[in-house]
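Keep the viewer open as you read.

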Amino acid sequence: MSETHPNLMASDVVVLLPEDPALAAIAERGRENFLEVVAAHPTSSLCWALMAETCLVESDLGSSLAAYAYARTGYHRGLDILRRNGWKGSGQVPWEHEPNRGFLRALWALSVAAGRIGDLEEEQRCAQFLRDSSEEAYQALAVASA
C-alpha cells in the first residue's frame, strides 16, 4: 500500500537558526525591561514563547487565551525565520542548537495552551509537529512542564 501523506519531517535537512539578538537584550536589560525587549524584537520567537510560558503558569481562562495568542505569534514568527534559513516544510530543528529553542518553546506552549482552551486538534497537531521537529525538545519541555 502506498503512502498517501508523506512524513514531511522525514528529511535529511537540519535547520540551525542564527542567534536571536533578543536573548542578549533580555540578559542585558533584565526582567523589569522585558516588555521593551519584546517591542524591540517582535520577530523573536523566544520573546513570544517566554510571554506564553509566563501566562501558562496560571490556569484561568484569560491566562490560557493570552498564552495561546502569544504562542501562536511566536510559532508564526518562528516559521518565518525557519523558511528564511532553508526550511521548506520538512526537516529537523534540533533542540541542542540554542537559537532553535525559541521556536520549539513557542510550539510547545501553543500545544499546551490549545489544550487548555479545548482546541484538542490543535493541541495534538502542535505536539506531533514538535516531536517530528525534535524529539529531544518534546521530552525536555514535557518534563519541565510536568
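## A proline between two helices

In this predicted model, Pro-42 sits in the loop that links helix H2 (34-40) to H3. Is Pro-42 buried, exposed or something in between? Its relative accessible area is 33%, so Pro-42 counts as partly exposed.

Which residues does Pro-42 touch, once those up to four places away in sequence are set aside? The partners are Trp-48 and Arg-77. Arg-77 lies 35 residues from Pro-42 along the chain, yet the C-alpha atoms of the two are separated by 8.4 Å.

## The overall fold

Stepping back, you will find seven helices and zero strands in the protein chain. Read from the N terminus, the order of elements is therefore simple to write down: α-α-α-α-α-α-α. The radius of gyration is 15 Å, close to the 15 Å that the globule rule gives for 146 residues, so the protein chain is as compact as a globular protein of that length.

Along the principal axes, the C-alpha atoms of the protein chain fill a box of roughly 55 × 35 × 25 Å. If you look at contacts between residues at least 6 apart in sequence, 65% of them join residues at least 24 apart.

## Inside the protein

Of the 146 residues in the protein chain, 40% count as buried. The largest nonpolar core is made of 29 residues, and Leu-82, Phe-103 and Leu-130 are the ones with the most contacts inside it. At least two residues of this core come from each of helix H3 (45-56), helix H4 (61-84), helix H5 (101-116), helix H6 (120-133) and helix H7 (135-145). H5 gives the most, with eight residues.

Leaving out residues up to four places away in sequence, Leu-130 touches Leu-104, Leu-107, Trp-108, Glu-135, Ala-137, Tyr-138 and Leu-141.

Definitions and conventions
Residues numbered from 1 in each chain as written. Predicted model: local features only at pLDDT ≥ 70, side-chain atom pairs only at ≥ 80, totals over all residues. Heavy atoms only, no water. Core = buried A, V, L, I, M, F, W, Y, C linked by side-chain atoms within 4.5 Å. Buried < 20%, exposed > 50% of the residue type's maximum accessible area, 1.4 Å probe, protein only. Helix = DSSP H or I, 4+ residues; strand = E, 2+ residues; numbered from the N terminus. Contact = heavy atoms within 4.5 Å. Rg over C-alpha atoms; globule rule 2.2 N^0.38 Å.
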